[in-house]
Amino acid sequence: MKAIEISSYGAPEVLRACVRPDPVAGVGEALIRVAASGVNRPDVLQRTGNYPVPPGASDLPGLECAGIVEAGDTEALAAAGLKVGDAVCALVAGGAYAELCVAPVGQLLPVPKGWSLQDAATLPETFFTVWSNVFERGRLQPGETLLVQGGTSGIGVTAIQLAKAWGATVIVTAGSDDKCRACLDLGADHAINYKTEDFAERVKALTDGRGADVILDMVAGSYVAREIACLADDGRLVIIAVQGGVKSEFNAGQVLRRRLTLTGSTLRPRPVAFKAAIAQALRAQVWPMLEQGRVQAVVHSRFAALAAGDGYDNGAARAHALMESGSHVGKIVLDWTAA
Ligand SMILES: NC(=O)c1ccc[n+]([C@@H]2O[C@H](COP(=O)([O-])OP(=O)(O)OC[C@H]3O[C@@H](n4cnc5c(N)ncnc54)[C@H](OP(=O)(O)O)[C@@H]3O)[C@@H](O)[C@H]2O)c1
């Protein structure tokens, strides 16, 4: 099969087209003929040598794809209500930048009715992450207020839409007025330009001094103290990335006096059973929203996976350069149908 590999750690051009042996599905697994794969920030971290591949995972990048089940464990597929020939999207621990990808059957979901494979490829990584962190760890309830740091990220556009569909009030931060507008267009109630405004003060003002019930944080570092300052009593801070640094100094007295919860998680190394449980929750609670059009794919760009352009010799390198430019709103997709 054709694939994109990380030839060495470095800039986007280290992503190279290659030919690898076709992967084989084992017990409890399915082989997918990939139509599209989603690009996520963790892929960039992996490419630069800052996100090690979990034991047993493919060294090829790519955490999500959509395509057609070509082969696999037919019993496991039947138990999941799936079969060879079905259109699915899948969360994987690696290997999605390829024409063929193996996924645990528990991590497959049917392509929502009315959705294309190209759009379905944008679902798994951010929907599993947001579900697990905002709704399970963060326990967001209808009527509560969610603050999303990085509202136009792939994670952010998912969190905005899901939390709004859930009946929450959503405040976001973004790094430009244009990005703030994009978040409002997606349904966010309030958007704060974190480069020109103090988000903690604004969140307090927007909530009449009460604060946010849940904060989804991908920055950490110096943000943690300010997030604690703008969390409501009994609020939950959920850290999913440390773009602002791993060290934070904050007032621990606030945590106990106001009964705050500080938590976080990283999805990729979690066991298949954990991810399969999220898949079931998504299918029951979120897939109907996707099929009703209440939550939509937000695709900024799509690149033919193996096509050269912009000075790069394949679409994956172009996609990574775009992601690193930070100019995207929503998801970036690699199209393997033109490969
Ligand atoms: N823990 C997990 O399981 C898990 C899973 C998936 C992703 N992640 C993490 O989640 C983050 C988003 O992933 P993605 O694929 O959606 O990436 P992405 O689209 O590249 O988004 C990165 C976002 O970070 C925002 N950001 C950077 N510095 C910020 C700051 N100081 N204040 C507010 N926002 C800031 C950017 O906002 P502006 O462009 O507006 O500056 C941008 O929206 C990444 O850090 C990724 O590693 C974690």
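The lining of the largest pocket takes at least three residues from domain 1 (2-123 + 269-335) and at least three from domain 2 (127-264), with the domain bounds coming from an automatic or database domain assignment. Before I go on, please keep in mind that this is a predicted model, in which local features need pLDDT of at least 70 and side-chain atom pairs count only at pLDDT 80 or more, while totals for chains, interfaces and linings use all residues. Residues are numbered from 1 along each chain as its sequence is written, and side-chain values use heavy atoms, with hydrogens and water left out.

Let me stay with the two domains for a moment. Their C-alpha centres lie 27 Å apart, and the contact between them, meaning heavy atoms within 4.5 Å, takes 23 residues from domain 1 and 16 residues from domain 2.

Now to the largest pocket, which has a volume of about 1,100 Å³. By pocket I mean, on a 1 Å grid over the protein atoms alone, an open set of points with protein on both sides within 12 Å along at least five of seven lines, whereas a cavity is a set of points where a 1.4 Å probe fits but cannot get out, and lining residues have an atom within 4 Å of a point. Grid points are joined across faces, edges and corners, and a volume is the space filled by probe spheres set on the points. Of the 42 residues that line the largest pocket, Arg41, Ser153, Met218, Ala241 and Gln243 lie nearest its centre. The lining has 17 nonpolar, 19 polar and six charged residues, where Ala, Val, Leu, Ile, Met, Phe, Trp, Tyr, Cys and Pro count as nonpolar, Asp, Glu, Lys and Arg as charged, and the others, Gly among them, as polar.

Which elements supply at least two residues each to that lining? They are α1 (41-47), α4 (124-137), α5 (154-165) and β9 (169-174), and α4 gives the most, with four residues. Helices (H or I, at least four residues) and strands (E, at least two) are DSSP runs here, numbered from the N terminus.

The second largest pocket holds about 480 Å³ of space, and among its 28 lining residues the closest to the centre are Gly56, Ala57, Ser58, Gly94 and Val102. Two or more residues of this lining come from β6 (100-104) and likewise from α10 (272-285), with β6 giving the most, five residues. By class, the lining of the second largest pocket divides into 17 nonpolar, five polar and six charged residues.

A search of the whole structure finds one cavity of 30 Å³ or more, and the largest cavity has a volume of about 60 Å³. It is lined by 13 residues, with Thr122, Phe127, Thr158, Gln296 and Val298 nearest its centre. The elements giving two or more residues to this lining are α4 and α5, and the largest share, four residues, comes from α5.

Six strands form an open sheet in the order β10-β9-β8-β11-β12-β13, with parallel pairing, where two strands pair if DSSP finds at least two bridges between them. β10 (190-193) and β13 (261-264) stand at the edges with a single partner strand each, so one side of each is left without a neighbour in the sheet. Four bridges join β9 to β10, and Ala174 stands opposite Asn193 in β10.
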